[in-house]
Amino acid sequence: MPEPVVVDARGLLCPMPVIRTQDAIAGLSPGCCVQVLATDPGVHADLPAWCRVHGHTLEAIEESSDADGAISAWIRVGNGGAT
Amino acid sequence: MLAARVVKEQGVHVEGLNFYTGFCVEGHTHAVRAQDKARPKRNNALWVAEQLDMKLHIIDVVEDYKDVVINPRHGYGQFMNPCLDCKGFMVGKAREWMEANGFDFIITGEVIGQRPKSQLKRTMPVIASESGAHERLLRPLCAKLLEPTLPEREGWVNRDKLFDWSGRSRKPQMELAESFGFEDYAQPAGGCCFLTDPSYSRKLQDLWQARGARRYELDDIMLLKMGRHLRPRPHFKLIISREDGENRFMHGYRKQFTHLVPTSHGGPLALLDGEARDGDLELAARLVARFSQGRDADLVRVAVAERNGPERELTVTPMAADDVPREWYVA
Ligand code: SF4
């Protein structure tokens with residue numbers, strides 16, 4: 001299993017985490033895995049919605065117990081989405 | 001949203017573009033403040049895309065947008081909103097995207113006369129030409145009041161099935177939304193960004209005045225969205241968080257600013273923007289103490305960490321509410 005591509009969007013407010021994720025995924029092939037790190041709780045709503053319209057799979061999204069309270073999301077790149 | 005749906009209905013493949021300028025009002029950017037949490041925490045553009053089953057591309061235009069805000073050729077609206085320039089800019093960005101991605105035309109949801117200045121019949125061609133989109137810009141909701149555009153003439157869309165709406169009434173839009181089965185159809189009645197907000201506009205003007213130049217960075221305009229802004233001296237202002245959400249967000253900026261936080265009592269984080277001269281830190285500490293739970297105490301201890309400097313503690317008398325001149329409140 002290849003290492004996930006990490007998008008570090010900690011400290012950025014929405015929609016920047018989505019924009020960074022979108023830019024990272026633009027250069028990846030279907031099946032690749034991306035890990036997004038963010039601190040804005042808005043990603044709980046935005047990343048799943050963005051994945052749904054672009055046909056990517058949000059495999060997990062979880063809060064870390066670290067002091068910085070970062071949220072980690074794992075996305076599997078899809079090959080299409082809404083038409 | 002309606003415009004996209006109307007065209008999609010005709011079998012045209014539509015994808016959405018949403019431009020992020022830094023001034024955008026997001027459900028949850030707004031809701032950094034816990035008290036706003038009752039509002040739906042959603043990104044409106046993404047929500048619309050989901051309703052329409054359409055891809056949405058969110059594009060960062062923060063850098064290029066600066067020139068629109070700083071030097072609008074057509075001036076500002078009621079506040080610091082350069083709506084006409086802004087629309088020309090965004091349609092121009094959409095045209096670039098269209099050309100780069102092999103699309104044929106652009107649609108926008110404008111309705112003639114719906115908004116002052118930027119949605120008048122005479123401004124419609126201004127947007128079309130300044131954006132460079134010209135004939136490839138279609139406004140499905142008022143197309144019948146305008147000259148036929150390329151997509152109509154080429155038969156890519158059927159002009160007969162487009163609309164002729166004008167004026168401020170939203171009734172026909174609500175009815176069409178209902179017929180499409182859109183629940184919770186809520187197009188913002190005011191502006192779509194903080195530049196139409198009077199208090200935000202004041203803070204932006206204050207920032208430019210204090211710096212002696214009309215310029216900003218993304219961090220500046222993000223911080224204008226939070227906290228109380230007080231300018232006790234021309235050379236510095238304090239941004240004092242109002243609650244936990246703002247506190248947490250502003251925490252991320254500590255290293256870039258001199259900052260203060262009460263230690264003997266619960267209280268807000270404050271960032272000092274500008275330079276602190278003799279006695280300014282004490283004044284700042286007294287103000288921060290005023291917004292802490294120790295506001296009625298004789299003395300409050302406040303930790304002060306200077307930017308790139310040491311941290312120390314000041315023991316101060318909180319400022320009385322009456323001693324804070326009204327003109328210190330920027331917003
Ligand atoms: S209200 Fe809309 S059109 Fe006007 S400046 Fe803001 S984003 Fe642009």
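Predicted model: local features only at pLDDT ≥ 70, side-chain atom pairs only at ≥ 80, totals over all residues.
Student: Which strands stand at the edges of the open sheet of 6 strands in chain B?

Tutor: The sheet has the order E5-E6-E8-E7-E9-E10, with antiparallel pairing. A strand at an edge has a single partner strand, so one side of it is left without a neighbour in the sheet. In chain B, this applies to strands E5 (228–233) and E10 (311–316).

Student: What angle does the direction of helix H9 of chain B make with that of E5(B)?

Tutor: Helix H9, residues 198–211 of chain B, packs on the sheet and touches E5, E6 and E8 of chain B. These strands are also included in what covers the buried residues of H9(B), as are helices H4 (62–70) and H10 (218–223) of chain B. Among those buried residues are B:Leu204, B:Leu207 and B:Trp208. The direction of H9(B) makes with that of E5(B) an angle of about 30°.

Student: How far apart are the end C-alpha atoms of H9(B)?

Tutor: H9(B) has 14 residues, which at 1.5 Å a residue should span 20 Å. The separation of its end C-alpha atoms agrees with this, at 20 Å.

Student: Which residue caps the N-terminal end of H9(B)?

Tutor: The backbone nitrogen of B:Ser199 lies 3.1 Å from a side-chain oxygen of the capping residue. That residue is B:Asp197.

Note on methods:
Residues numbered from 1 in each chain as written. Chains lettered and ligands numbered in written order. Heavy atoms only, no water. Pairing = 2+ DSSP bridges. Helix = DSSP H or I, 4+ residues; strand = E, 2+ residues; numbered from the N terminus. Contact = heavy atoms within 4.5 Å. Axes fitted to C-alpha atoms, helices over the stretch in contact; angles between N-to-C directions. Expected span 1.5 Å × (residues − 1). Buried < 20%, exposed > 50% of the residue type's maximum accessible area, 1.4 Å probe, protein only. Polar contact = N/O pair within 3.5 Å; in protein donor to acceptor, adjacent residues only side chain to side chain.
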